[in-house]
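Visitor: Could you walk me through this model, starting from the ligand?
Guide: Gladly; here it is.

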Amino acid sequence: MVTVEKKNSDFGKKSNFEKKVRELVETGYSGVEEAILACKNCPLHETASNKVIGKGSRTPKVLFIGEAPGKNEDEKGIPFCGRAGKELDKMLEYMRLSEEDWAVINTLKCRPPENRNPKKSELEACKPFLAAQITLLDPKVVILLGNTAEKAYCPGKKLEWGVPEEINGRTALKIYHPAALIYTRSRIETQHALIDKNRGLWE
Ligand code: SF4
């Protein structure tokens, strides 16, 4: 089993946080799913229709971390199932990742009302789930889809877009969130360039 200490050195700065993550990891991925479904650790559970846990492989080479569920995701309980999901699908194809190669999760499992940005307190409350999911999925590469994922994964660090760094015992790479490509189509070309220069991380 992957140790929490080794893989979450930055995540696990506070001992009670580390303890929570270890307890979650010990329950396995289905235990983490159950804990998320039962969670009332922040007010977002009151307005969410569904908890959104993740999708994809349980042994991914590449783990994408998004921000939070939107309207479609909240209704269906599935991440990236709306327009941003279609952009993610195109990205997966461009990256030449097959089904068993990838998984996607969000920093928050409940939708913030009106799709507002996650609050710091909400990111903190949900972070043990994020850390436990990463530990159990144990990807080689963590792809941070935008600044909120970066804030949750490596608080206080500012990664260059498309420049990989070793963080928390893994290779982390920050690229654009698929939703950011919907409204600014010129970013697609930039995103492809960021992907092209990093193919060696997963191929
Ligand atoms: S967002 Fe996370 S911490 Fe908040 S209620 Fe949902 S699962 Fe729990």
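Guide: A residue is near a molecule or strand if its C-beta atom, placed from the backbone, lies within 6 Å of it. This is a predicted model: local features need pLDDT of at least 70, side-chain atom pairs count only at pLDDT 80 or more, and totals for chains, interfaces and linings use all residues. Residues are numbered from 1 along each chain as its sequence is written.

Visitor: Which element gives the most residues to the shell around the ligand?
Guide: Of the 14 residues around the ligand, the nearest are Cys39, Cys42, His45, Cys110 and Cys126. Elements giving two or more residues to this shell are α4 (44-47) and α7 (120-137); helices (H or I, at least four residues) and strands (E, at least two) are DSSP runs, numbered from the N terminus. With three residues, the top contributor is α7.

Visitor: Which strands stand at the edges of the open sheet?
Guide: Its six strands run in the order β1-β3-β2-β4-β6-β5, with mixed pairing; two strands pair if DSSP finds at least two bridges between them. Inside it, β2 (residues 62-66) and β3 (residues 102-106) pair in the parallel sense over five bridges, and Ile65 stands opposite Ile105 in β3. Two strands have a single partner strand each, so one side of each is left without a neighbour in the sheet: β1 (55-56) and β5 (165-167).

Visitor: Which residues does Val142 touch?
Guide: Contact means C-beta atoms, placed from the backbone, within 7 Å. Not counting residues up to four places away in sequence, Val142 touches Leu63, Ile65, Ile134, Tyr153, Arg170 and Ala172.

Definitions and conventions: Contact = placed C-beta atoms within 7 Å.
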